Amino acid sequence: MSNIDMRNRNGSGSKIITLQNKQPTKTKPSGSSLSINGLVVVGLLLVLGTLFAGMLIYKLYDIQINHHEEYALMGSSMHWNRIKDVPLRGDILDSKGNVLAGTTYEYNIGVTPKDVKSLKDKSITTEMIAQEIASIFSLEYTEVLDNLNQKDSIYVQIAKKRPRNEIDILKTYLEENQIGGVRIDPVPKRYYVHDSFASQVIGFADQNDNTLIGQYGIEAYYNDILTGTEGYTYAETDRNQGALPYSPPTTIEKQDGLNVVLNIDPTIQAIATDACREAYEAYHPKEGVGVIVMNPYTGSVYAMVSLPDYNLNEPRSIPYAMDEETWALMSDEEKTNYLMSSVWRNRTISDTYEPGSTFKVLTTAIALEEGLTFEEEMFSDEPIEVSSLHTISCWRQKHGGNHGTETLKQAFENSCNPVFVQLAMRIGINKYYQYVRNFGFYDVTGIDLPAEGLGLFHSEPSSVDLATLSFGESSTVTPIQLANVFCALVNGGTLMKPQVVKALTDRNGDIIHEFAPVAIKTVFSENTANRVKEMMKSVVAEGTGSAGYVEGYTVAGKTSTSTIDIGEDQGMHVLSFGCYAPFDNPQIVVLVIINKPLDKELGSSAAARVAAQIISPTLEYLGVPRELTDEDYEKITIKYAIPELKGKTVAEAKQILYTNHFEVILGEEGMTDKSIVMSVYPDPSVSILYRNGSVVLYSSEIVEEAMMRQVSVPDFVGKSLTDCISIAQFAGVNIDIVGNPKGVVVSQDPQYGFVDSATPSDDGMNTESNVEDGESVFEEEGSDVSTVTPVPTSTADQNNQEDDGEADADSVISTPEPTVDLGEKQRIKVPCGAIIKLTME
Amino acid sequence: MSNRHSHIEDSSFDSRKIELESPYRLNIPMLLLTIVLICYGLIMLFSASISVGYNKMQNPLYFVVFQGQMTFVGVIFIAILLFIPIKTFNRISLVVIAMSVSVALLVYTWQFGMALNGARRWIEVGSKSFQTSEVVKVALVFSIAGYRSYVIRMRQAGRLLTRNPKWQDIFDSFIDIVLPVSVIAICLLLVLMQPHVSSFVILSAITLICFLVSGIKLKSWFYGGSILIIAGIVLGSCFYLVSSESQKEKIEKNFAHVFVRLNIFETMTSDDDESVENDTQPDSTDDSSLYQNKQSTIAIGSGGLRGLGFGNSRQKYMYLPEAHNDFVYSIACEELGLIGGSSIILLFWAFFVGGMAIAWRTKDVYSRILAVGYTSLITIQAFLNIAVAIGAIPPTGVTLPFFSAGGSANLFFLVAVGMILSVSRSGVKRKKTIIVSEVMR
């Protein structure tokens, strides 16, 4: 009763005594003993707890007050981050403003495995999620599941570079089931609209750390302009670099890349590509085919083809004209080597070759410029001994003949070497090489493409070097160097800087910078240029370049066949043809190089033929009117015999026909280069065809016309001769002109029109057959074909590449005849390659 | 006075003295303290878990909403417990049930539990998972209290006597120490095997504290302790001899992370290099250790005296892993500074003092063990967590009661608080009031 508190609680006077009781004494079991007093323990705990709390507060004070600045600084340096703002890469456009290369996005998908679960439905297992993801991205289920089970990992990549549509499906699925832990990162990707179109010019860009870096071509050369400038935001961020709203960020705006507009003309590029592919497939040249088409006045590059080429969207996949089996057997390293040395490389600017006779143009020009000769001067072509080891003679000597004495002009037409050695000797080493240097052969041209090669020229030339260079041997040039000098010759003597890019535009298409033509220097006088041009004209008209003849347009040029004298390729040739057209009003300069065709007997006319195939449609496309002379009509109507082809392989037949100026059509599906030709239509023993006539090859014995590929008869009535030729080529038939070729067609046999089912025609036409009609897809166009310009589209381009080695591109396009037309509205048909008689007045 | 229930003892009536025993009265300060801690905890969790919730669950409020729901359930539990006199629970049958459930849960976890990063500590209930050791913590205190109370009742009733008095001390030590410790040791072993060292340590500490306050004779401590040590050595060496090499390796591997943690901590104090170490990654004994510690210290240090202001933490944006869980305290310190940080320590300290004050006034062993046990449990958890956050001890993976996300654990803490409050109401000695009547009849 120690603490008694007595108070008066109320008025009535009752007292309340509050007692603090002591612990009630316990009755201990037999014999009391000491025990630990619970209250002592409680007290001890109180002291301990208080001490601990004090220690915690002290430590907290130490960190928060004493070391505050230190940690605040560490925090800030971690929270403030520079966030990159990646600019959009500019597009690459052709001269007509069509997009050739653009940028899109693809997506990488990664997961944080332990967070991948449905918040909505617990019954959705990891297995089900893995199943779904695997089916969306066509992945191995087990692989996805393994990835999702790596619970310790913070990030596991599930799929890379996936297109938008797959991502949309995934997103819908994730949102519906509230599945977390999946990260989708967009990465920029370059796409190329026309796959292999101008592949070496455009080049490709690889994705590297969220930016695209150009590897070849324009993509590489204009990489900085296309890329633009990165922007930065300096801000407080979360750990994933997302900006936080607490403090205003400092921002440096990004600048998007500019668009690059090329001088490359889509139509001319397509024409040139098609012509090159045809030649490539005929000759399989070891070092490819290269073509440059330029505007001689501005140095603009209209077209630039280098074969083999490749699909820009899949630069590492099988390239053009590569045998699939061979490709499959190659190791990755071999593949890369092949791609880098032969495919990605732009041969027209990186390869060097001996220019050969095309260089005689320059030798002649120098001599004329210096007034050391004139066109009608007489020369002897006897062999010249330039040193004890070297004797230079005319190519004809090999065949046991010679040209005897001839004028300079004739020597030029005949490409007779000793004459040019004489000219060079007259000019003298110093002066000659001074000119050569002046033409820019010791320098790159400065074309706006990367990896421009530099030819080999002697720094201290001897007289042997001089003699051999006079006809283009023992020194090498790049195709672009030579084409550029040809341009100078054509435009009256001014050397221009070759230019692939026309202008730079911004996102809205407004021009930011236009590349004006840059004249480097004058290298010929106009007079000299004109005199050399005149001689070049006669090369095509009367000399070695006759294969370069184009009806209606005057082509002037110079052929060249340079021989490889050493190394494993000894005996192989580089065939080239440099030319321009039309003669009177030059629009384009074309240089064709067929580098080391497998057939060592092949002459330079092969290159001239490619040029002719390019010039004809290109000038038509450029709107240059054809002017047919009497001579032209005569040439057009000359007929040629079809060579014997039975028993040869398709590849051999193609080469023979191509060299003989015939078009090849494969009559059956599934024919390859290795198939043996069993039948030819029209029959070579009885038929002769015009130049560029169509010859159909069959790999099986054809006994009657009904078994052949059928095509509809086009309407020729009212058309002129040149129109008829294009229509016939397009439709895959031949023509035979009766009457005056300068007039128009008044009648044709067989007729154009529809077969009346009541009166079947007795032309042997297969009216009721609905066999696959190879050309039916062109039918409608064929009926008003007068407007047809053989402008190959880029899709044809694409087909060509994909179907290489399988069948000729033309023959693959086959659509079954629509059955509704059967009966009354059946077009009159003939076998493909049939000769249609046209009467003209 | 009017609202008091008075109990008038007949004997004193005659002597004109009325002895009144004060009625059951709730410890209001303790209740208020609990409410403050719950609210404070929810508010800080809201701020700390926004970023984690958004990033991991696509819902910034995910953690705080779940926490709120569980808190609500817990508060209902508290409210119910308040109206039940604490002696209602003092039955040996409930002890048997509680221990059976604990062992069953632990065995179930051991066999079928959800493994995460090499540790099997969770079992799944519906769409959620919870750590069984949290239940065991609450059940253990409850059981020790019930058991001790039962033993004392038996002894008072003259039971539990040996025929030969010589053996009485040994028998008492068996009843007092050996038997209960053996049963608890089973639980502890199961927890250790999960492995969950921090829970093991807390459970051991709580057990010791509960035994210390339960009035066990010194002789029992001595005999029982000796028996247990001998038994432990014998069993341990038997196990060592019987078990295969691979089993040993497995065990070593299981506890490797503990030693690594300790090692890391030693190096960390001398050098602030980066490392990751947290509860959900017990096996990450890797080079990326220490990251969490560093991030936590940066968070706390950036706070300064007044902090960056509520909601303005930067470290919670994925820099500090487990910002919503083991490191809520660091975020609180970053946002509210020394003022906020020390206020949390002081609140828990006040809770501790309040709980111990209740224990001081308890009327029997049962209530005292409950009050001391549960108060210690919550305070030890809190102080350990804070010590980890400020880098005073190596990371242990102990959550901060009322603050850390983890709804189920919080629910059990609230039950514990309910028990404390119940004890404060019905388990303490009541004041006796003697009214000496001067009213003349």
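Between chain B and chain A the count is one salt bridge, a term for a side-chain nitrogen of Lys or Arg within 4 Å of a carboxyl oxygen of Asp or Glu. The side chains that meet in it are those of B:Arg314 and A:Glu236 (2.6 Å, N to O). This is a predicted model, in which local features need pLDDT of at least 70 and side-chain atom pairs count only at pLDDT 80 or more, while totals for chains, interfaces and linings use all residues. Residues are numbered from 1 along each chain as its sequence is written, chains are lettered from A in the order in which they are written, and side-chain values use heavy atoms, with hydrogens and water left out.

**Interface of chain B and chain A**

- The rule finds 16 residue pairs in polar contact across the interface (both at pLDDT 80 or more); a polar contact is a pair of N or O atoms within 3.5 Å, and within protein one must be able to donate a hydrogen and the other to accept it, with residues adjacent in sequence counting only if both atoms are side-chain atoms.
- Chain B brings 73 residues to the contact and chain A brings 62 residues, where contact means heavy atoms within 4.5 Å.
- About 6,100 Å² is buried between the two chains, and carbon and sulfur atoms give 67% of that area; buried area is the accessible area (1.4 Å probe) that two parts lose on being put together, summed over both.

**Sheet in chain A**

- β27, β30 and β28 form an open sheet of three strands in the order β27-β30-β28, with mixed pairing; strands are DSSP runs (E, at least two residues), numbered from the N terminus, and two strands pair if DSSP finds at least two bridges between them.
- The edge strands, each pairing on one side only, are β27 (663-666) and β28 (679-681) of chain A.
- β27(A) pairs with β30 (residues 694-698) of chain A in the parallel sense over four bridges.
- A:Glu663 has A:Ser694 in β30(A) as its bridge partner.
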